[in-house]
Protein chains: 2
Amino acid sequence: MDDDAVFKALADPSRRLLLDLLFERDGRTLTELDAELEMTRFGVMKHLKVLEEAGLVVARKQGREKLHFLNAVPIRQIHDRWIDKYTEHRVSALLDLKNELEETA
Amino acid sequence: MDDDAVFKALADPSRRLLLDLLFERDGRTLTELDAELEMTRFGVMKHLKVLEEAGLVVARKQGREKLHFLNAVPIRQIHDRWIDKYTEHRVSALLDLKNELEETA
DNA sequence: AGAATAGGTGACCAAATGGTCACCTGTCAA
DNA sequence: TTGACAGGTGACCATTTGGTCACCTATTCT
């Protein structure tokens, strides 16, 4: 939905690290994630909150633990709606090459 | 080179707008770009500086004017090195579908 | 030469950001 | 049932960020 929130969420290296960790293995708990960052639990909580609000992380509570899951959909969205536009030149470069070859042949 | 600078540069909507403007038409001057944003010249200068430092904009000085050009390479880099990893699931989803259809047939 | 034009610098400011801590609640296990 | 454990809240703080302004330099036009 909100592209800006996603871009802002991705702008911090700690948050990208959290996404990488969740990509590697989903459903981790806060303290589990905390163990991987050089930061107190509170800092990690704040980052996870930002990620949740951007829709990049979805969390489910189980007993006294909170399990965190990666949701890649918003990344795909900014990819399709924004980034792709800047990267598709490569494709047209290939098409140009194809056309050129066909004309030569 | 520096992924973090690129992500940070992309995190601001004014800067993304600047990139969109340059995507539309390259080689614009500062005052030309300034005219499109609701901000003073100085604000735009700062944003352009951030974009330059991230390598997303390259500028050439011509007389008393400064011409700004878009460089999409860093966007492609974060795409290939980071974003693609989260979006390629779609490809495997398509492959799964393909396999499923082949098995059914 | 003199005025207008395009851009640059450094100081400054308010608001957002990244992080810690004291303290509190709910849940599990001995 | 009592202690340990997982998580949450609000206050607080330093730094960064997004933006303006006064003033300055270099180039162009008449």
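Predicted model: local features only at pLDDT ≥ 70, side-chain atom pairs only at ≥ 80, totals over all residues.
1. Across the interface of chain B and chain A, nine residue pairs are in polar contact, both residues at pLDDT 80 or more; a polar contact is a pair of N or O atoms within 3.5 Å, where within protein one must be able to donate a hydrogen and the other to accept it, and residues adjacent in sequence count only if both atoms are side-chain atoms. On the side of chain B that touches chain A, the elements giving two or more residues are α1 (3-10), α2, α5 (73-87) and α6 (89-104) of chain B. The greatest share comes from α5(B), with nine residues. By class, this side of chain B has twelve nonpolar, three polar and eight charged residues. Here Ala, Val, Leu, Ile, Met, Phe, Trp, Tyr, Cys and Pro count as nonpolar, Asp, Glu, Lys and Arg as charged, and the others, Gly among them, as polar. Helices (H or I, at least four residues) and strands (E, at least two) are DSSP runs, numbered from the N terminus.

2. Residues are numbered from 1 along each chain as its sequence is written, chains are lettered from A and ligands numbered from 1 in the order in which they are written, and side-chain values use heavy atoms, with hydrogens and water left out.

3. The contact between the chains draws 23 residues from chain B and 23 residues from chain A, contact meaning heavy atoms within 4.5 Å. Together the two chains bury about 2,500 Å², of which 65% is on carbon and sulfur atoms; buried area is the accessible area (1.4 Å probe) that two parts lose on being put together, summed over both. Four salt bridges cross this interface, each defined as a side-chain nitrogen of Lys or Arg within 4 Å of a carboxyl oxygen of Asp or Glu.

4. B:Arg16 counts as buried because its relative accessibility is 8%, the limit for buried being under 20% relative accessible area, with exposed over 50% and partly exposed in between (1.4 Å probe, protein chains only). Leaving aside residues up to four places away in sequence, B:Arg16 touches A:Asp4, A:Phe7, A:Trp82, B:Leu10 and B:Ala11.

5. DNA strand C is surrounded by 19 residues, the closest being A:Thr40, A:Lys46, A:His47, B:Thr29 and B:Arg64; a residue is near a strand if one of its heavy atoms lies within 4 Å of it. Bases are approached by B:Arg41, with a side-chain N or O atom 2.9 Å from a base nitrogen, and by B:Arg64, with a side-chain N or O atom 2.7 Å from a base oxygen. A polar side-chain atom of A:Arg15 lies 3.3 Å from a phosphate oxygen. α4(A) contributes the most to this surface, with four residues.

6. DNA strand D also has 19 residues around it, and A:Thr29, A:Thr31, B:Thr40, B:Lys46 and B:His47 come nearest. A backbone N or O atom of A:Leu30 is 3.2 Å from a phosphate oxygen of DNA strand D, while a polar side-chain atom of B:Arg64 lies 3.2 Å from a base oxygen. Here α4(B) gives the most, with four residues.

7. A:Thr29 lies in strand β1 (residues 28-29) of chain A and is buried at 10% relative accessibility.
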